[in-house]
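Trainee: Could you go through this model with me? I'd like to ask about a few spots as we go.

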Amino acid sequence: TWGTGTTFMKQFKSDAYTEERVSNPYFPFAGKPDWEMAAFLLRLDLSMADIDEFLKLGFNRKLPLSFHSSRELRGRAEMLPSPPQWKYQIVPTEFPTTKTLQIFYRDPIKCLQSLLSHPMLADSFDFIPRKVYAEAEHAVRVYYGFMTGDRAWELQEDLPNGVTLLSVVLSSDKTKVSNLAGNCYAHPLLITLANIDPDVRAKGYLQAYIPLALLLVAKFIHRVKHMHGVLADRLLHQCIDIVIEPLKQAARLGIMMSDPAGFSRYCFTPLVAYVADTPEELIIACITMNASPVTMATRTSFGDPDHHPIRKGSSTLANIQKECKQYHLNGVPWPFWMDWVTVDPSYFLTPESLHHFHKMFFDHDCAWCIDVVSAKEIDFHHCNIQCYIVGIIAGAPTQFIMAIQTLLEFRYLAQAPQFSDEMLTELDNCLRLFHEHKQRVINAGAWRGKDGGFESWVIPKLELLQGVVPSIQSLGILTQWSADPTEHAHIAIVKVPARAGNNHDYDVQVCRHLDCRNKLDHFDLV
């Protein structure tokens, strides 16, 4: 450490109204009952008209409240100590869009500091990369959190002595705001730290993933329809690049930040993981759907049982200036990660259980089983279908059952909370056994490709399973990179504000809603 820094309480007391809170801790509200009523109304996600209607009730008029309208209530809430504030920037584009593009985002360094200072997360940080062994002879390696993997060790070795590795994790997913009307989409970008215990990050109520930006979802005006997708991919990288520029500088030069105990640390901020679904991983890696985002495998080799060479970011950057189609690139000339020190898509794009495991099961395994035993035998309304499907297909050919069972066992083993070298060998064997028996899936008439043979294994998620064991060795257990916490976070970040708003200036209303909710949560903690 490098002396004394700041703490959550120090930041709270640096507010402009600190003196008023000496005599009234609940300022700008009149007292505890006044604050409780205000927090109750604001957390109900009511519209301003609904709040006005409630405050006009005869019973409420008799209460000694410091506010008598929704405008007064919101005004007092704005006076609460502020978390990292939202800002916006106009984003220029090469080709015209249907409306002016404004990206709303927060300072990523301040967001990381808010995580480091959060009282609920104080005991869950780990700043020491290490190699853990099951025995004193150092014969069997053990992996769990990020700091026990090879990547954390390598990154720390490349840094000067006495500095702290703050391992940045980003997550984004385009989501539809409303299923009933309109065509409104949101694309939230979240941030957290791999230094936080994986079990803590998985608990949504602790809010270890915090909103960093609302990425733009634009409609381009271009006579070539195919270019709309290319321009949207370029815009995504452009927006992320604007938002994470301070993190790039900190990864290059370092920055002083305060740890949970209030001591200053000289920190560096490399990106170690980006949690996203498969289509978004392809966009981030600047690759088309006919290739893998992390290896050199292409469409015709997705079903190969062997590991393919890693797709290094340097080779992608070198080929960008050449013919994109030849190298399976998607037309993005300047990826956001190109000048982020030590960052490479082959490292930070990790296997993800929600999309790569569970979605693959329902998209493919279930379809194969239906073809063999018929849909009547499978109850799709049961949430635990993965647990009992082997029993349901008991009448199928033995080798077909073996293929399904080994793939299921691979998925279950891959979600273990801890791994040893022996477990990783067993995991690799499960995938090997599936490839040995996968021809039986075709022989059973389960599913075939357009040409009736090899095309049937054009399954990108199947190829991505080859990266599970290397990812665990490099970054720790897979469950810490699950999209499940971030998918749940989207409800609070984009869907709830949509229900409380009036469908105008959507991004502005979301930012105001999130800012208000953060202020209430911080004030409650104090």
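Trainee: Where does Thr-342 lie?
Mentor: Thr-342 sits in the loop between α12 (313–320) and α13 (345–348), where helices (H or I, at least four residues) and strands (E, at least two) are DSSP runs numbered from the N terminus. The model is a predicted one, in which local features need pLDDT of at least 70 and side-chain atom pairs count only at pLDDT 80 or more, while totals for chains, interfaces and linings use all residues. Residues are numbered from 1 along each chain as its sequence is written, and side-chain values use heavy atoms, with hydrogens and water left out.

Trainee: And what is its phi?
Mentor: Phi of Thr-342 is near 65°, a positive value in a residue other than glycine. With a relative accessible area of 37%, Thr-342 is partly exposed; buried means under 20%, exposed over 50%, and partly exposed in between, using a 1.4 Å probe and protein chains only.

Trainee: What about Gln-207, what's its phi?
Mentor: Gln-207 has a positive phi of about 55° although it is not a glycine, and this residue belongs to the loop between α9 (198–201) and β9 (210–215). Gln-207 counts as partly exposed, at 39% relative accessibility.

Trainee: Switching to peptide bonds, which two residues does the cis one join?
Mentor: The cis bond joins Phe-27 and Pro-28, with omega about 15°, and Pro-28 is placed in the loop between α2 (20–23) and α3 (32–43).

Trainee: Now the helices: at what angle do α15 and α16 cross?
Mentor: The axes of α15 (residues 385–392) and α16 (residues 398–414) cross at roughly 160° and come within 10 Å, the axes being lines fitted to C-alpha atoms over the stretch in contact, with angles from 0 to 180 degrees between N-to-C directions. The two helices are therefore roughly antiparallel to each other, a label for angles over 145 degrees, whereas under 35 is roughly parallel, 65 to 115 roughly perpendicular and the rest oblique.

Trainee: Which residues make that contact?
Mentor: Gln-386, Cys-387, Ile-389 and Val-390 of α15 meet Ile-401, Gln-405, Leu-408 and Tyr-412 of α16, contact meaning heavy atoms within 4.5 Å.

Trainee: And in the largest nonpolar core, which residues touch the most other members?
Mentor: Of its 71 residues, those are Phe-146, Trp-368, Phe-400 and Trp-481; such a core is a set of buried Ala, Val, Leu, Ile, Met, Phe, Trp, Tyr and Cys residues joined through side-chain atoms within 4.5 Å. The largest share of this core, eight residues, comes from α16. Apart from it lies another core of 58 residues, among them Val-168 and Leu-231.
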